[in-house]
Amino acid sequence: MCGRTSCHLPRDVLTRACAYRDRQGQQRLPEWRDPEKYYPSYNKSPQSSSPVLLSRLHLEKVTSWIPTGPVSTQQY
């Protein structure tokens with residue numbers, strides 16, 4: 001098996017499981033991007049779509065080290 005995973009919760013159950021509190025203390029549900037691409041499965045292949053939960057704090061940390069400017073001028 002090459003990196004197979006399982007995510008078999010229905011979308012509404014998964015959404016409720018990922019509820020969080022915002023800065024004002026209100027409970028929020030995460031927003032789905034492309035929800036039609038998700039389908040529950042006990043045997044997900046590496047090419048299938050799987051949900052990923054990102055927080056704004058996480059995104060701020062990641063974007064702080066991403067270089068800016070045109071990709072063609074970046075030194076790698």
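Biologist: Why is Tyr38 called buried?

Modeller: Tyr38 has a relative accessibility of 8%. Buried means under 20% relative accessible area, exposed means over 50%, and partly exposed is what lies in between, with a 1.4 Å probe and protein chains only. The 8% of Tyr38 is under 20%, so Tyr38 counts as buried. Before we go on: this is a predicted model, where local features need pLDDT of at least 70 and side-chain atom pairs count only at pLDDT 80 or more, while totals for chains, interfaces and linings use all residues. Residues are numbered from 1 along each chain as its sequence is written, and side-chain values use heavy atoms, with hydrogens and water left out.

Biologist: Okay. What makes Trp32 and Tyr38 an aromatic pair, and how many such pairs are there?

Modeller: The search of the whole structure turns up 1 aromatic pair. That pair is Trp32 with Tyr38, at 5.3 Å centre to centre and 40 degrees between the planes. Rings of Phe, Tyr and Trp (its six-membered ring) pair if their centres lie within 6.5 Å; planes under 30 degrees apart are stacked, over 60 edge-to-face, and the rest tilted. With 5.3 Å the centres pass, and 40 degrees falls in the rest, so the pair is tilted.

Biologist: And what is Trp32 called, buried or partly exposed?

Modeller: Partly exposed, because its relative accessibility is 28%.

Biologist: What puts Lys44 over the face of Tyr39?

Modeller: Lys44 sits 4.5 Å from the ring centre of Tyr39. A charge is over a ring if NZ of Lys or CZ of Arg is within 6 Å of the ring centre and within 35 degrees of the ring normal.

Biologist: How many salt bridges are there, and how do you know that Arg16 forms one with Asp12?

Modeller: The count is 3. A salt bridge is a side-chain nitrogen of Lys or Arg within 4 Å of a carboxyl oxygen of Asp or Glu. For Arg16 and Asp12 the closest N and O atoms are 3.6 Å apart, so the pair qualifies. These two residues are 4 apart, about one turn of helix H1 (residues 11-17). Asp12 is partly exposed at 46%.

Biologist: What qualifies the other pairs?

Modeller: Arg28 and Asp22 have their closest N and O atoms 2.9 Å apart, and for Lys37 and Asp34 the distance is 3.9 Å. Both values are within 4 Å, so both pairs count. Asp22 is buried at 17%, while Arg28 is partly exposed at 41%. Lys37, at 48%, is partly exposed, and Asp34, at 37%, is partly exposed too.

Biologist: What makes Asp34 stand out in its backbone, and where does it lie?

Modeller: Asp34 has a positive phi of about 55 degrees although it is not a glycine. Its place is the loop between strand S3 (27-28) and S4.

Biologist: What do you call a helix or a strand here, and how many are there?

Modeller: Helices (H or I, at least four residues) and strands (E, at least two) are DSSP runs, numbered from the N terminus. The protein has 2 helices and 4 strands, in the order β-α-β-β-β-α from the N terminus on.

Biologist: Thr15 is in helix H1. Why is Thr15 called buried, and what does it touch?

Modeller: Thr15 has a relative accessible area of 11%, so it falls under 20%. Contact means heavy atoms within 4.5 Å. Setting aside neighbours within four places in sequence, Thr15 is in contact with Leu29, Pro30 and Trp32.

Biologist: Which side-chain reach does Ser41 make?

Modeller: The side chain of Ser41 comes to 3.0 Å from the backbone nitrogen of Asn43. Ser41 lies in strand S4 (residues 41-44) and is buried at 14%. Not counting residues up to four places away in sequence, Ser41 touches Ser6, Cys7 and His8.

Biologist: What about Tyr20: which residues does it contact?

Modeller: Tyr20 is in strand S2 (residues 20-21). Neighbours within four places in sequence aside, Tyr20 is in contact with Gln26, Gln27, Arg28, Leu29 and Pro30. Tyr20 and Pro30 are 10 residues apart in sequence, with 7.8 Å from C-alpha to C-alpha. At 41%, Tyr20 is partly exposed.

Biologist: Finally, what share of the protein counts as buried?

Modeller: Of its 76 residues, 13% count as buried.

How values were computed
A polar contact is a pair of N or O atoms within 3.5 Å; within protein, one must be able to donate a hydrogen and the other to accept it, and residues adjacent in sequence count only if both atoms are side-chain atoms.
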